[in-house]
Amino acid sequence: MSLAMTTNDAPAGITSAGAPLRIGSVALTVRDLDAMTRFYRDTIGLSVIATVPSLTRLGVGKDVLIELRHDPDAQLADRHEAGLFHVAFLLPDRAGLVHWLRHAAGTGIRLQGASDHLVSEALYLSDPEGNGIEIYHDRASETWTWRNGEVAMATRRLDLDALVADTPARHWTGMAAGTSIGHVHLQVGDRAAADAFYADLLGLDIVSRMSEASFYSSGGYHHHIAANTWNSAGAGPRPEGTTGLASFELVAADPAIRSAILQRTGSETAAETGEPTTFIDPWGTRLHLRTD
């Protein structure tokens with residue numbers, strides 16, 4: 001199932017959403033549902049798609065990207081525990097990133113970072129309950145550099161003045177159409193155990209290793225999932241009843257891809273149905289595998 005590049009070739013048209021496996025929606029456990037809903041609606045720019053008691057779904061168009069699950073008694077997640085490092089909203093183009101940045105500047109949103117990763121340009125912030133957020137756009141995939149199956153990525157200072165210089169201002173109307181969850185970055189207790197789960201078990205390609213982090217990909221994308229131990233080395237499973245990442249979706253473009261994963265993981269019965277199947281990583285993060 002490996003589709004990572006094995007030479008210096010960098011094909012055009014590689015996208016997160018166009019891969020055999022992609023990220024769907026991300027579910028967060030939250031203490032203050034009203035405040036968190038306002039943040040993802042007004043600050044991030046998502047639309048409220050559905051509300052039911054103790055749950056709000058937000059996204060772009062008809063696509064749910066974030067599900068907020070209310071638990072007023074949840075303890076705030078410890079940043080040294082395993083769980084979410086950040087959820088990454090992928091905008092369709094550079095102009096969308098600039099328009100969001102102008103919105104952020106105009107409303108006093110505080111950024112925590114701005115980075116040029118070679119494959120992408122990214123802005124960083126946190127939500128009111130401390131969940132990390134990345135907002136980014138991809139450079140064209142033919143400009144990415146691959147060598148021996150690994151993609152070149154870095155963290156360099158992003159020049160915000162240069163970013164906005166060539167993009168005309170426009171009225172803010174929310175997150176750009178076509179926005180998706182491009183990747184999910186996790187905190188884990190052990191990188192080798194993460195490799196065993198996300199690469200060996202689920203079959204994602206390891207396309208980069210750096211500074212106690214691994215990056216996992218499908219279809220030659222720079223990464224759909226990342227896992228690091230920067231704050232969480234040695235962490236065990238997250239305790240129940242805490243805020244933060246509850247689950248996320250891994251979506252197979254073809255039922256045969258889902259079936260191959262389920263058969264390899266010994267889930268033959270589940271492979272006979274089209275129902276989502278749940279896997280739990282070594283730190284208690286739930287991953288729901290489904291097809292489009």
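My entries below cover the sheet, the aromatic rings and the salt bridges.

**Ground rules.** I am working with a predicted model, where local features need pLDDT of at least 70, side-chain atom pairs count only at pLDDT 80 or more, and totals for chains, interfaces and linings use all residues. Residues are numbered from 1 along each chain as its sequence is written, and side-chain values use heavy atoms, with hydrogens and water left out.

**Entry 1, the sheet.** I looked up the strand order and found an open sheet of seven strands, S2-S3-S4-S1-S16-S18-S17, with mixed pairing. Strands here are DSSP runs of E with at least two residues, helices are runs of H or I with at least four, and both are numbered from the N terminus. Two strands pair if DSSP finds at least two bridges between them. Strand S2 (47-52) and strand S17 (277-280) each have a single partner strand, so one side of each is left without a neighbour in the sheet. I also noted that S3 (residues 55-60) and S4 (residues 63-70) pair in the antiparallel sense over six bridges.

I found five aromatic pairs. Rings of Phe, Tyr and Trp (its six-membered ring) pair if their centres lie within 6.5 Å; planes under 30 degrees apart are stacked, over 60 edge-to-face, and the rest tilted. Phenylalanine 85 and tryptophan 230 are edge-to-face, at 5.4 Å centre to centre with 75° between the planes. These two sit 145 residues apart in the chain. Tryptophan 230 is partly exposed at 41% relative accessibility; buried means under 20% relative accessible area, exposed over 50%, and partly exposed in between (1.4 Å probe, protein chains only). I also saw Phe197, Tyr198 and Tyr216 in one aromatic cluster, and both phenylalanine 197 and tyrosine 198 are buried.

My count of salt bridges came to nine, taking a side-chain nitrogen of Lys or Arg within 4 Å of a carboxyl oxygen of Asp or Glu. Aspartate 292 and arginine 22 meet at 2.5 Å, N to O. That pair joins the segment after S18 to strand S1, 270 residues apart. Aspartate 292 is exposed, at 62%.

Glutamate 121 bridges to arginine 94, with the closest N and O atoms 2.6 Å apart. Glutamate 121 is buried at 3%, whereas arginine 94 is partly exposed at 33%.
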